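Please find below a colleague's note on the structure shown here.

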Amino acid sequence: MVTFLLLLHIAVTIAAGDATTLTATPATITRSDQWITLRWSSLPSPTPLDYIAVYSPPSSADLDYLGFLFLNASASWATGAGTLVLPRLPDLRAPYQFRLFRSPPGEPSTNTRLDQDHDPLPDASHRGAVSGHVRAEGNGSRPAQVHLAFADAPDEMRVLFVCDDAGNRAVRYGLLGRREEEWEEAPAEARTYERRQMCGYPANDIVGWRDPGFVFDAVMKGLQPGRRYFYKVGSDSGGWSEKYSFISRDIEANETIAFFVWRPGNLRSLQHLLPDTSREFVDSEVDPS
């Protein structure tokens with residue numbers, strides 16, 4: 001009996017050691033982290049269509065992935081082990097999880113959703129491994145997504161940012177060279193929206209809905225024209241953002257002001273298209289979170 005139990009323990013240990021593994025690092029994304037590394041090993045008989053799907057929140061069903069990457073993007077995929085690197089993912093106020101799926105040769109996908117080429121998306125029917133959770137640093141009270149916008153008056157500047165809760169927040173601002181204790185402070189107003197306010201599927205469904213947090217709006221007033229100001233947003237209890245700066249509007253200056261729409265990852269490639277005066281303005285406004 002003892003011999004049988006020993007052999008059974010060895011067999012279970014060997015089987016567990018051969019199980020496919022998937023890891024995602026770092027587990028906590030800080031403001032300085034720009035990449036997420038996915039590593040897998042011990043994948044038996046890999047195929048070119050095996051893939052890793054991205055989920056948030058981790059409670060999402062297998063078919064409710066945000067996107068996927070084929071393992072054959074890694075040079076060593078055919079060995080059953082490899083590495084893929086993702087750029088920093090946005091903070092969705094919920095952890096991320098990654099799941100590895102098999103795609104057996106000759107087995108067509110039964111997914112009714114189609115890609116841009118009208119081919120079926122993977123059906124997530126053969127799960128091989130699941131990673132741990134990857135989450136953003138902090139508890140959401142600290143401001144993120146800090147952006148500036150012109151206000152109605154030329155001596156004003158609007159700042160918007162996002163927090164998880166609707167607690168009291170403000171913007172503190174002051175001229176270059178002025179001590180922070182001497183900065184002005186303006187309150188920020190909080191707004192949000194709910195799933196029922198979305199116009200249709202999937203935005204108003206649990207599959208596509210993402211908690212937006214609260215968008216705060218504050219206006220810095222009484223700005224001197226053409227001067228550099230420093231500012232930060234937040235609160236003493238919830239935490240403050242980093243310090244940012246901008247140059248206030250000067251309606252007497254003979255300058256061209258450029259506006260553009262960008263998405264994370266593309267800003268650096270667009271900066272060379274802007275005049276120096278506008279580039280200086282833009283450089284100080286972008287919060288990659």
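The points below concern the protein as a whole and then strand 4.

1. The model is a predicted one. In it, the protein has three helices and 17 strands.

2. Of the 289 residues of the protein, 34% are classed as buried.

3. Contacts across the sequence deserve a remark. When contacts between residues at least 6 apart in sequence are considered, 63% of them join residues at least 24 apart.

4. Strand 4, which spans residues 51–55, is mostly covered, since five of its five residues are buried under the criterion of under 20% relative accessible area.

5. Which residues of strand 4 lie on each side? Y51, A53 and Y55 are on one side, while I52 and V54 are on the other. Both faces are covered, as these residues are all buried. In a regular strand, side chains alternate between the two faces of the sheet.

6. One partner of strand 4 is strand 5, formed by residues 67–70; the two pair in the antiparallel sense over four bridges. Within strand 5, L69 is the bridge partner of I52, and I52 is among the buried residues of strand 4.

7. Strand 4 is also joined to strand 7, residues 97–101, by five bridges, and these two strands run antiparallel. Here V54 has F98 of strand 7 as its bridge partner.

Technical notes: Residues numbered from 1 in each chain as written. Predicted model: local features only at pLDDT ≥ 70, side-chain atom pairs only at ≥ 80, totals over all residues. Heavy atoms only, no water. Buried < 20%, exposed > 50% of the residue type's maximum accessible area, 1.4 Å probe, protein only. Pairing = 2+ DSSP bridges. Contact = heavy atoms within 4.5 Å.
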